[in-house]
Amino acid sequence: MFECSKEEVMEETRRIAFKEGFIVGFAETKAKEMATAVLHVLQLFGEVPEYVQERIEKETNFTRQEEWLKIAVRAGSMDKFLDQSGLTEYRNGLGDGMARAVLEILKLRWDVPEPVQKAVLVQYDLSLLLRWLQKAIEEEMPEELFKEIRQKGKKYEDEKFEKIKRELPQKWKQRVEEVAEEAVKKRTVELMSEGGTGTGTEDLVLEHQSGAQPGTDGKVQDPAGV
């Protein structure tokens with residue numbers, strides 16, 4: 001039976017972590033560019049409500065963002081944009097408002113770790129946020145609640161990565177994979193030269209988990225050249 005050496009396993013761990021970090025970094029950069037374009041158009045109608053800005057900036061679906069941009073160009077007003085874009089449900093900022101309420105109560109009662117804060121703020125499920133709000137008020141100790149919030153946050157991040165891969169425009173998919181592989185090879189060589197084959201796995205995993213955006217020169221690049 002074929003068995004991989006420890007070095008081979010660590011090498012594969014580095015490769016996968018860095019490649020996923022590269023793809024996520026690229027996709028999130030393109031998403032931010034599109035979000036910026038949508039918001040620039042909306043600013044022509046006046047001040048963009050904070051909850052609208054946050055909702056647009058959180059979106060990673062390129063197709064939806066492109067649709068929002070077209071709607072914004074044609075809308076002529078913020079109200080029409082909200083109605084035509086499907087964002088009317090966020091008119092009162094229910095999701096963001098509830099998340100902030102949960103976080104504020106948690107902070108009043110306990111010292112809230114950064115991962116827990118982030119996991120609360122990305123959540124849009126109103127029924128779940130309401131349950132967290134009740135627990136934030138009623139619980140005597142925060143450990144179980146923090147654990148649940150972290151688990152939901154981890155699930156959100158995993159689903160987000162799969163969604164990004166699934167929705168990456170076809171014209172970029174093959175090229176971004178190729179450039180990611182090139183970046184992985186270069187980064188692996190750099191790590192080996194710095195500390196040997198077994199060094200650097202943690203660095204790459206942390207880069208992926210923190211949303212690092214590496215490229216072949218250390219920066220996110222546009223693999224499609226567009």
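How many aromatic pairs does the structure hold? I find one. My criterion is that rings of Phe, Tyr and Trp (its six-membered ring) pair if their centres lie within 6.5 Å, with planes under 30 degrees apart called stacked, over 60 edge-to-face and the rest tilted. The partners are Trp110 and Phe146, edge-to-face, at 6.2 Å centre to centre and 85° between the planes. Trp110 sits in the loop between helix H5 (94-109) and helix H6 (114-121), and Phe146 in helix H8 (residues 143-167), so the pair ties together parts that are 36 residues apart in sequence.

Before going on, the ground rules. This is a predicted model, where local features need pLDDT of at least 70 and side-chain atom pairs count only at pLDDT 80 or more, while totals for chains, interfaces and linings use all residues. Residues are numbered from 1 along each chain as its sequence is written, and side-chain values use heavy atoms, with hydrogens and water left out.

Next, the overall picture. I get 10 helices and zero strands, taking DSSP runs numbered from the N terminus (H or I, at least four residues, for helices; E, at least two, for strands). Of the 226 residues, 38% are buried. With contact meaning heavy atoms within 4.5 Å, I looked at contacts between residues at least 6 apart in sequence: 74% join residues at least 24 apart.

Then Lys58, which I placed in helix H2 (residues 50-58). Lys58 is partly exposed, at 26% relative accessible area. Leaving aside neighbours within four places in sequence, Lys58 contacts Asp96, Leu121, Val122 and Tyr124. The C-alpha atoms of Lys58 and Val122 are 8.2 Å apart, though 64 residues separate them along the chain.

Last, a helix pair. Helix H3 (residues 62-75) packs with helix H4 (residues 78-85) at about 145°, axes 9 Å apart. Axes are lines fitted to C-alpha atoms over the stretch in contact, and angles run from 0 to 180 degrees between N-to-C directions. I see Trp68, Ile71, Ala72 and Ala75 of H3 meeting Lys80, Phe81, Gln84 and Ser85 of H4.

Terms used
Buried < 20%, exposed > 50% of the residue type's maximum accessible area, 1.4 Å probe, protein only.
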